[in-house]
Structure formats: C-alpha cells, structure tokens
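Hi,

Here is the structure I promised to pass on. My notes follow below it.

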Amino acid sequence: VKRGAEGNITKIIQKRLLQRGYTSLEPYGATGYFGSVTENAVKALQRNKGLDADGIVGRNTWKALMRKQ
C-alpha cells in the first residue's frame with residue numbers, strides 16, 4: 001500500500017499509526033487517503049523499526065505496524 005491508495009486498508013493503516021503515537025496524522029484523522037502525511041508517518045515508523053524507509057506498507061512494515069508495542 002503506497003501513496004495514492006484509497007480505502008479501508010489505508011484507514012486501518014492510519015488508525016494503527018495514530019494508536020502507535022504518530023501524531024502528524026492527528027489533525028486529519030483516518031481519512032482513507034494515503035497522501036504525503038501518511039507516507040511521512042509510515043517512513044517514521046519504518047525508521048524507528050530499522051526498516052527501509054520507503055513509505056510503502058509492504059509485508060515487513062505491515063508486521064511492524066500490527067505488532068504489539
């Protein structure tokens with residue numbers, strides 16, 4: 001899932017990022033649109049988890065996102 005994506009999967013990603021404390025999304029909430037704000041939050045998560053910070057929610061990023069804190 002990457003920039004430009006829309007729909008329920010993007011909303012799930014955004015909600016999980018918010019739950020994990022990626023506050024850059026707070027003014028917007030879970031809109032279901034994967035824009036630059038969501039991409040930057042994903043990159044921050046990836047950096048924090050030692051992943052390649054490409055802004056794309058692939059298998060490893062998904063696992064990191066869904067893992068218990």
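Val 1 is partly exposed, at 33% relative accessible area (buried is under 20%, exposed over 50%, partly exposed in between; 1.4 Å probe, protein chains only). Val 1 sits in the segment before H1. This is a predicted model: local features need pLDDT of at least 70, side-chain atom pairs count only at pLDDT 80 or more, and totals for chains, interfaces and linings use all residues. Residues are numbered from 1 along each chain as its sequence is written, and side-chain values use heavy atoms, with hydrogens and water left out.

Val 1 belongs to a nonpolar surface patch with Ile 9, Ile 12, Trp 62 and Met 66. Together they have about 390 Å² of accessible area (Shrake-Rupley method, 1.4 Å probe). Patch residues have over 30% relative accessible area and no salt bridge, and nonpolar side chains are joined within 5 Å. Helix H1 (8-19) and helix H3 (59-66) each give two or more residues to the patch. Helices are DSSP runs (H or I, at least four residues), numbered from the N terminus.

H1 and H3 pack at about 50 degrees, with axes 10 Å apart (lines fitted to C-alpha atoms over the stretch in contact; angles run from 0 to 180 degrees between N-to-C directions). H1 is therefore oblique to H3 (under 35 degrees is roughly parallel, over 145 roughly antiparallel, 65 to 115 roughly perpendicular, the rest oblique).

Now the charges. Arg 3 forms a salt bridge with Glu 39, with the closest N and O atoms 3.7 Å apart (the rule: a side-chain nitrogen of Lys or Arg within 4 Å of a carboxyl oxygen of Asp or Glu). Arg 3 is in the segment before H1 and Glu 39 in helix H2 (residues 36-48), so the pair ties together parts 36 residues apart in sequence. Arg 3 is partly exposed at 47%, whereas Glu 39 is buried at 14%.

Best wishes

Methods. Patch = residues over 30% accessible without salt bridge, like charges linked within 9 Å, V, L, I, M, F, W, Y side chains within 5 Å.
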